Amino acid sequence: MKSRSESLIRLKKFQVDEKRRQVAQIEMMINDFERMASELDQQIEIEQTKTGISDVAHFAYSTFAKAAMTRRDNLLASASDMRGKLEAAQDALAEALEDLKKVELLDQREHQREAADQLKAEQADYDEIARLRFSRQ
């Protein structure tokens, strides 16, 4: 029974670790998207300063700046989408942690039950020894 519960605990720990890696990976992707969007903002500002035109509707507005804006908006949309996935991954991690705790508690109770049974058996042996000694006297 011990090997089965230990295997189950190892499996649950592996699942928790995997969920943690997924959460960390999604968080890293969100940070990367936001960092790249910020860099594009800076490039847009530099381009607007260089050309002297900050009105997007102006006929001579920089095509580079327009393309950078589109890319920035796409990155921010992707980051927003990833936040939804992050929330789902965090929920899955919380559920995996709950499962691990349940299995660990069941294992702990089983160990306590086994220890109590062992103590009862030892006490019964001592009682039998004491009864035999008492009956000889």
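Helices here are DSSP runs of type H or I with at least four residues, numbered from the N terminus. Lys12 sits in one of them, helix H1 (residues 2-51). This is a predicted model: local features need pLDDT of at least 70, side-chain atom pairs count only at pLDDT 80 or more, and totals for chains, interfaces and linings use all residues. Residues are numbered from 1 along each chain as its sequence is written, and side-chain values use heavy atoms, with hydrogens and water left out.

The topic is charged side chains. Lys and Arg count as positive, Asp and Glu as negative; His and the chain ends are not counted.

**Salt bridges**

- The structure holds 11 salt bridges. The term means a side-chain nitrogen of Lys or Arg within 4 Å of a carboxyl oxygen of Asp or Glu.
- Side chains of opposite charge can pair when their charged atoms come close.
- Arg131 bridges to Glu128, with the closest N and O atoms 2.5 Å apart. The two are three residues apart in helix H2, so about one helical turn separates them.
- Arg131 is partly exposed at 47% relative accessibility. Glu128 is also partly exposed, at 34%. (Buried means under 20% relative accessible area, exposed over 50%, and partly exposed in between, with a 1.4 Å probe and protein chains only.)
- Elsewhere, salt bridges with shared partners join Asp32, Arg35 and Glu39 into one network.
- Arg35 is partly exposed, with a relative accessible area of 41%. Glu39 is partly exposed too, at 36%.
- Arg113 forms a salt bridge with Glu110, and their closest N and O atoms are 2.9 Å apart. They are three residues apart in helix H2, about one helical turn.
- Arg113 counts as partly exposed at 47%, and Glu110 as partly exposed at 25%.

- Lys12 is buried yet has no salt bridge. Its nearest side chain of opposite charge is Asp99, 4.0 Å away.
- Leaving aside neighbours within four places in sequence, Lys12 is in contact with Asp99, Leu100 and Val103. Contact means heavy atoms within 4.5 Å.
- Arg72 is found in helix H2. Arg72 counts as buried, at 16% relative accessibility.
- Arg72 is in contact with Ala37, Leu40, Asp41 and Ile44, again leaving aside neighbours within four places in sequence.

**Lys13**

- Lys13 is found in helix H1. Lys13 is partly exposed, with a relative accessible area of 40%.
- Beyond its neighbours within four places in sequence, Lys13 is in contact with Leu100 and Glu104.
- Lys13 and Arg71 are 58 residues apart along the chain, and their C-alpha atoms are separated by 40 Å.

**Negative surface patch**

- Glu87, Asp91, Glu95 and Glu98 form a negative surface patch.
- Patches are made of residues with over 30% relative accessible area and no salt bridge; like charges are joined within 9 Å, and nonpolar side chains (Val, Leu, Ile, Met, Phe, Trp, Tyr) within 5 Å.
- The place of a charge is taken as NZ of Lys, CZ of Arg, CG of Asp or CD of Glu.
- Accessible areas come from the Shrake-Rupley method with a 1.4 Å probe; for residues, only the protein chains shown count as cover.
- Glu98 lies in helix H2 (residues 63-136). Glu98 is partly exposed, with a relative accessible area of 47%.
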